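Good morning, colleagues. Please look at the sequence and the model on the screen, and I shall then take you through some of its charged side chains.

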Amino acid sequence: MGQNKQVQKYSPLYEQSSIILASSQNEKLVEIEKEKRLALIDAWEENEKAKAQTKAYKEICSIESWENNTKTALELDLKKMEESLEVEKTEYSKKFKKKIPEIEKIAEAKREKIEKQKEQESIKVEKISEKLIATPNAYPPNTKTCGCF
């Protein structure tokens, strides 16, 4: 007679095989849970990295915006200063152009005064010269300035 290879439900072999089956299923479940957990961790990690990149991008954009605004404001200030300096330059130029004729007038008056003084000196020298010519012994004077000659 042949032996029945089927294990009966209530035999100790059946319990062992069901335990082995259960443990292999548990291992598969544990493996699946582990993979699921790792997948969730990877997803979380990617999400956090994306958040960090987005935050950094926003901050960089904010800094670039501030930089551009500040540069623009400085350039506007510089243009205002340049315009102001140009206006001042024009005003000073007008003042100097107005002063040039005054300076020329003053210089001409001083020249005329010097010319009059020169003419008066010339007339004075001519008069003295005429006196000297009229009196023959007046020039060169006979008075000795030094006692030894």
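Which residue meets the side chain of Lys118 in a salt bridge? The partner is Glu115, with 3.7 Å from N to O. By salt bridge I mean a side-chain nitrogen of Lys or Arg within 4 Å of a carboxyl oxygen of Asp or Glu.

Before I continue, a word on the source: this is a predicted model, in which local features need pLDDT of at least 70 and side-chain atom pairs count only at pLDDT 80 or more, while totals for chains, interfaces and linings use all residues. Residues are numbered from 1 along each chain as its sequence is written, and side-chain values use heavy atoms, leaving out hydrogens and water.

Lys118 and Glu115 are three residues apart in helix α1, about one helical turn. Helices here are DSSP runs (H or I, at least four residues), numbered from the N terminus. Lys118 is exposed, at 53% relative accessible area, whereas Glu115 is partly exposed, at 39%. On this scale, buried is under 20%, exposed is over 50%, and partly exposed lies in between, with a 1.4 Å probe and protein chains only.

The next pair is Glu108 and Arg111, whose side chains meet at 2.9 Å, N to O. Three residues, or about one turn of helix α1, separate Glu108 and Arg111. Glu108 is partly exposed at 37%, and Arg111 is partly exposed at 49%.

Finally, Lys51 bridges to Glu48, their closest N and O atoms lying 3.5 Å apart. Both residues belong to helix α1, which covers residues 12-134. Lys51 is partly exposed at 48%, as is Glu48 at 31%.

Note on methods. Helices (H or I, at least four residues) and strands (E, at least two) are DSSP runs, numbered from the N terminus.
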